[in-house]
Amino acid sequence: MSAHWSLEFVGAAYAADGEGPGAFNCWAHFRHVERRRFNREIPPLPMPADLLGVVKLFRDRSDSFGWVRIEKPRKPMDGDAVLMSHRDRPHHIGIYVASVPGEAVLHCTEGVGSVLSSMFHLEVANWNIIGIYHPIEEASSVLLADSRST
């Protein structure tokens with residue numbers, strides 16, 4: 001039996017200015033996984049300089065990045081972007097992993113590095129999911145398929 005794809009991305013160190021491959025901040029880790037696993041190019045952002053600004057920019061202008069916020073009842077899929085908050089990290093980004101039992105988020109955070117956190121673990125550790133986003137072109141095809149099945 002082969003290991004789950006997400007395990008390839010677990011264990012990298014965290015660095016606030018890390019762009020990989022040995023150390024990442026959350027935005028660089030998100031870009032790295034999206035490029036390597038899902039063949040999606042996420043642009044680097046020279047401005048704003050801090051991660052809070054980067055994640056707020058993604059949230060507020062997700063359509064300019066080619067992503068759309070997922071609304072219920074659609075379920076998140078592997079590779080969707082997850083915006084999160086925590087008491088000492090008001091904005092953070094990770095990658096949704098639907099293909100593991102209980103579902104999880106792959107993310108890179110200070111003091112821990114890159115980890116795969118179950119939804120239960122995120123809740124216990126006081127992480128809040130602000131929103132989940134999916135690539136626009138793929139979201140359109142998912143919605144079309146859903147409408148054909150009903």
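Ala12 is buried, with a relative accessible area of 16%; buried denotes under 20% relative accessible area, exposed over 50% and partly exposed the range in between, for a 1.4 Å probe and protein chains only. The model is a predicted one, in which local features need pLDDT of at least 70 and side-chain atom pairs count only at pLDDT 80 or more, while totals for chains, interfaces and linings use all residues. Residues are numbered from 1 along each chain as its sequence is written, and side-chain values use heavy atoms, with hydrogens and water left out.

Ala12 is placed in the segment before strand S1 (13-14). Helices (H or I, at least four residues) and strands (E, at least two) are DSSP runs numbered from the N terminus. Contacts of Ala12, counted where heavy atoms lie within 4.5 Å, are made with Gly22, Phe24, Cys108, Gly113 and Ser114, leaving aside residues up to four places away in sequence. Phe24 is 12 residues from Ala12 in sequence, and the C-alpha to C-alpha separation of the two is 7.1 Å.

The protein chain contains 5 helices and 8 strands, arranged along the sequence in the pattern β-β-α-α-α-β-β-β-β-β-α-β-α. Of its 150 residues, 42% count as buried. Among contacts in the protein chain between residues at least 6 apart in sequence, 54% join residues at least 24 apart.

In strand S6 (residues 104-109), 6 of the 6 residues are buried, so the strand is largely enclosed by the rest of the structure. Strand S6 runs antiparallel to strand S7 (residues 113-118), and 6 bridges join them; two strands pair if DSSP finds at least two bridges between them. Leu106 has Leu116 of S7 as its bridge partner. The two strands form a hairpin with 3 residues between them, and Gly111 in the turn has a positive phi of about 85°.

A search of the whole structure finds 4 aromatic pairs. The rings of Trp27 and Phe30 have centres 5.6 Å apart and planes at 40°, so this pair is tilted. Rings of Phe, Tyr and Trp (its six-membered ring) pair if their centres lie within 6.5 Å, with planes under 30 degrees apart counted as stacked, over 60 as edge-to-face and the rest as tilted. Both Trp27 and Phe30 lie in helix H1 (residues 26-38), 3 residues apart, about one turn of the helix. Phe30 also forms a tilted pair with Trp67, at 5.8 Å centre to centre and 50° between the planes. Because Phe30 lies in helix H1 and Trp67 in strand S3 (residues 67-69), this pair ties together parts that are 37 residues apart in sequence. Phe30 is buried, with a relative accessible area of 0%, and Trp67 counts as buried at 2%. Trp5, Phe9 and Phe38 form one aromatic cluster.

The largest pocket holds about 320 Å³ of space. On a 1 Å grid over the protein atoms alone, a pocket is an open set of points with protein on both sides within 12 Å along at least five of seven lines, and lining residues have an atom within 4 Å of a point. The volume is the space filled by probe spheres set on the points, which are joined across faces, edges and corners. The lining has 15 residues, of which Ile70, Lys72, Arg74, Pro76 and Ile132 lie nearest the centre. Strand S8 (residues 128-135) gives the most to this lining, with 4 residues.

Conventions: On a 1 Å grid over the protein atoms alone, a cavity is a set of points where a 1.4 Å probe fits but cannot get out, and a pocket is an open set with protein on both sides within 12 Å along at least five of seven lines; lining residues have an atom within 4 Å of a point.
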